[in-house]
Amino acid sequence: MHAAEIETIVSHAEEFHPRRFLSNGHLQTIAGNYLGRVNALPAPEPQLVEVSPATTNQIASQVLCHCHWQPEAVRAERPTAIIVHGLEGSSNSQYVVGNSNKLWRAGCNVVRMNMRNCGGTEALCPTLYHSGLSDDVLAVMNFFVAKYKLQSMSLIGYSMGGNLVVKLAGELGTTAPPELHSVIGVSPVVDLGPSADALHLPQNRLYEMKFLYALLRRFRRKAMLFPRAYDPNRAARVRSLRDFDEHINALYAGFAGADDYYHRAAAARVLDRIAVPTLILHALDDPFIRLTAESREKIEANPHITFLETQHGGHCAFLAQPDASCGYDGYWAEHTLLRFLLAHA
């Protein structure tokens, strides 16, 4: 993708207008999740990265990254994007694939990161994954910076992954490594508690049940792989996402309960400490992501954060009307974040 082509497309997509017949947040969310994507990426280079060392009681935790590298002669100087998926997603989630194709065509290196246990990697770590593991993203970034001497890094996260990258930016504050040039969260769950409770509302129960089915299925697989570490009977008490976080996540991740987890794992706590260019995209009609008044105040008061809030867009969708005349595919968030990334590369 040449610079002129990028500029034509992103200028066309500067303001978000929902795709015809998709102005409803639920329709945006569902269509965005199931619309197929064209994937022209070269075959990925798989790379396991250790994110937590082994102890006397358990094996090391590793995550699987699918990498697409530009030629070795220019690799270090090209922008590199690490893309982190959402809850129960993977490196093959459609938004990860869509962004990866655009970034690759724009000349970037792309690292599609699976969180712990995701992408078929349950046996590679003894722990569960949760919204507080921002250090895993830091470990992945540091690993590739050291391995390839990369000069310009960007972290991109969707939903739960958005909380991870935004939380990491806040935790790093003014001590962020010089290679980290930008952080981008699309529909990030920066306020975990209110968003988990919103998922339990009657109009959102289908989303919640979809997440719960996948989470409990994964938990039972972990219990089979690590029978001395997990009690599969705990799944019987779970009827909501808050139940899962109270009876499973909190217990096995060292939190006092769901409320303690939601507080300590949320990016909301550290929004005011972010000191690298950060883009947050949020739709007012997102069915279940909630931003508290306190978080909004922190975002608005921080000059390092660019906050784009649209009337429509649903959750992680932002489907606009395509325009074949200029090659615009209608994926507004993907073009918007690409422009932000390149502007800060």
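**Close-up views of a predicted model**

**View 1. Strand β3 beside strand β5.** Strands β3 and β5 (residues 153-158) run parallel and pair over five bridges. The model is predicted. Opposite alanine 81 of the pair stands serine 154 in β5.

**View 2. Strand β3 beside strand β4.** Five bridges also join β3 to strand β4 (residues 109-113), again in the parallel sense. Here the bridge partner of alanine 81 is valine 110 in β4.

**View 3. Burial of strand β3.** Strand β3 spans residues 80-84 and is mostly covered. Five of its five residues are buried. Thr80, Ile82 and Val84 point one way from the strand. Ala81 and Ile83 point the other way. Residues on both sides of β3 are buried.

**View 4. Helix α5 packed on helix α6.** Helix α5 covers residues 134-148 and helix α6 covers residues 160-172. Their axes lie 8 Å apart and meet at an angle of about 80°. The angle falls in the range of 65 to 115 degrees, so α5 and α6 are roughly perpendicular to each other.

**View 5. Residues at the α5 and α6 contact.** From α5, the contact uses Ser134, Asp135, Val137 and Leu138. From α6 come Leu164, Val165, Lys167, Leu168, Glu171 and Leu172. Six of the contact residues are nonpolar, one is polar and three are charged.

How values were computed
Residues are numbered from 1 along each chain as its sequence is written. This is a predicted model: local features need pLDDT of at least 70, side-chain atom pairs count only at pLDDT 80 or more; totals for chains, interfaces and linings use all residues. Side-chain values use heavy atoms; hydrogens and water are left out. Axes are lines fitted to C-alpha atoms, for helices over the stretch in contact, and angles run from 0 to 180 degrees between N-to-C directions. Helices (H or I, at least four residues) and strands (E, at least two) are DSSP runs, numbered from the N terminus. Angles under 35 degrees count as roughly parallel, over 145 as roughly antiparallel, 65 to 115 as roughly perpendicular and the rest as oblique. Contact means heavy atoms within 4.5 Å. Ala, Val, Leu, Ile, Met, Phe, Trp, Tyr, Cys and Pro count as nonpolar, Asp, Glu, Lys and Arg as charged, and the others, Gly among them, as polar. Buried means under 20% relative accessible area, exposed over 50%, partly exposed in between (1.4 Å probe, protein chains only). Two strands pair if DSSP finds at least two bridges between them.
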